[in-house]
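This report describes selected strands, a helix and salt bridges. The sequence and structure come first.

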Amino acid sequence: METFKSNHLYDFLIIGSGIVGTNIARELSKYHTSILVVEKESDIVNGQTLANSGIIHSGHDPKAGSLKARLCVEGNALTHKLSKQLDFQLLECGGLVLAFSEEEKRDLLALYENAKKNGVPKLSLLSRDDVLALEPKVNQNVVIGLSIPTTSVCSPWEMAIASMENAVINGAHYLLNAEVVALKLVEEVYEITLKNGDTLRAKYVINAAGINTEKVGLMLEDELEYSIRPRKGQYFTLDPKNKGSYKHVLYPMPTSLGKGVLITPQPHGETLVGPTSEDIEDDNIEVSPDGLAKIVSDAVKISKHIQFYDNIRNFAGVRAKSSYEDFYIKESKTYQGFYHLAGIDSPGLTAAPAIANYLVELIKDKVKLILKKDYIVGRNYTPLFRYMSEEEKHRAIKHNPKYGHVICKCEQITEADIRASINGVIPATTIKAVKKRTRAGAGICQGGYCERHVLALISQLKNKKMTDVDYYEVDTPILLEDIKEPK
């Protein structure tokens, strides 16, 4: 059951439950303050954070001296620390930036100098032979490589859910299906109107609404210093049987459109290839034949050995590209206590913990925040059955026989895992929400075997008819009606 106090004056109201909003909630929950996160979707982390590469970048390519560069390097170190505190998977694989011509070599050497200015640790230049020794499937015409060992990969939704669970354990509240449609300041209190007509009240408002940041900002401000330009990225997801084919995140040389099409090993065994970089007018996340063809044509410049026929899923996500050159993290010039966090595109995932620290420091310049003595660092997380040792698995089954009932065969997810997600700190109430928390349905059959069992468990534990259980958003049921004849 989602947590929320009606008719309450909150200290902080955060709009958006992506990686930025959830990390801000976690950071603020360290203090004696009341927090409400509002999310327009039916679950947290259903927007920009859900669909990206999951790379924890080193900070090698943001412009030296920029806020992006500073917060990326800081966020990289913080994410490694948080993965241990909050128990989310982090693949510490390192990354290689590759040059395939003499012109690209010159650009790579300049990138190396930029990375040093940004304070990226453990950098080294690699010869052609060094690169091929590390990654034999890279094309033989590679000229030089830049090793960036602090690069890692996470599942971004797992990191965000872990952060929000920690915030909730420490007293934060959240409200789902809560789309903000109006904002106003009334006698030093912000009144936030929701689509359903409800009104919320807060002393301070933090606009972390991703691609909707500009839309939310203009509900209050007459004009903004930024505009949001949505940019779509499409991906291939390769079968986990290819695990180990590529051991590092493989980067081409970046361009004005971004880091380019990458080859990215994932913490759970898959390999992502992508993304494209397509400026769009809205938040359309459909996959297109042209986009997928673009991925193939770009990726084979890095390696001709990519097994695209082992694709198990294509997907697309939208990034909040901004007209403002850097991350825009500022208090409104007109409305005190209203904070904009705009244009948090790549490396926003990496920077998120540092962004939260940076914002809280801005707030502390004006608001006295008192640290809790009883702050809980972790989230009392029980690992999925698949990650337990053999001894732990035997103990788990002995204590709870439902650990012995495998629901998702592809990912080895048990009934106990799924029940725990449905009854968790932030309960999973849709098929997709269970998938995000447990990976049930993320394997090669993409839910073909397990989805009906997940549906039945949500129906049972939430006391809902199966026809009332949504797949993803509100009003997206898998079953439309019961056609069984009554006895």
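Which residue in the turn of the hairpin formed by strand 15 and strand 16 has a positive phi? Gly269 does, with a phi of about 110°; the turn leaves 5 residues between the two strands.

## Basis of the model

The model is predicted: local features need pLDDT of at least 70 and side-chain atom pairs count only at pLDDT 80 or more, while totals for chains, interfaces and linings use all residues. Residues are numbered from 1 along each chain as its sequence is written, and side-chain values use heavy atoms, with hydrogens and water left out.

Strand 15 covers residues 262–265 and strand 16 covers residues 271–274. Strands (E, at least two residues) and helices (H or I, at least four) are DSSP runs numbered from the N terminus. The two strands run antiparallel and are joined by 4 bridges; pairing requires that DSSP finds at least two bridges between two strands. Ile263 has Val273 as its bridge partner in strand 16.

In a regular strand, side chains alternate between the two faces of the sheet. Strand 15 is covered on both faces, with Leu262 and Thr264 buried on one side and Ile263 and Pro265 buried on the other. Buried means under 20% relative accessible area, exposed means over 50%, and partly exposed lies in between (1.4 Å probe, protein chains only).

An open sheet of 3 strands has the order 3-8-4, with antiparallel pairing. Strand 3 (55–56) and strand 4 (90–91) are the edge strands, each pairing on one side only. Strand 8 (residues 152–154) is antiparallel to strand 3, with 2 bridges between them. Ser152 in strand 8 is the bridge partner of Ile56.

Helix 5 runs over residues 156–169 and includes Ile169. Of its 14 residues, 13 are buried. The end C-alpha atoms are 20 Å apart, which agrees with the 20 Å that 14 residues should span at 1.5 Å a residue; the expected span is 1.5 Å times one less than the number of residues. Gly171 follows helix 5 and has a positive phi, near 105°.

Ile169 counts as partly exposed because its relative accessibility is 30%. Together with Ile376 and Val425, Ile169 forms a nonpolar surface patch with about 200 Å² of accessible area. Areas come from the Shrake-Rupley method with a 1.4 Å probe, and for residues only the protein chains shown count as cover. Patches take residues with over 30% relative accessible area and no salt bridge; nonpolar side chains (Val, Leu, Ile, Met, Phe, Trp, Tyr) are joined within 5 Å and like charges within 9 Å.

## Salt bridges

The whole structure contains 31 salt bridges, each defined as a side-chain nitrogen of Lys or Arg within 4 Å of a carboxyl oxygen of Asp or Glu. One of them joins Lys436 to Asp43, with the closest N and O atoms 2.9 Å apart. This pair links distant parts of the chain, 393 residues apart: Lys436 lies in helix 11 (residues 431–438) and Asp43 in the loop between strand 2 (35–38) and strand 3. Lys436 is buried at 3% relative accessible area, and Asp43 is buried at 2%.

Glu361 and Lys364 form a salt bridge at 3.3 Å between the closest N and O atoms. Both lie in helix 8 (residues 348–364), 3 residues apart, about one turn of the helix. Glu361 is partly exposed at 45% relative accessibility, as is Lys364 at 33%.
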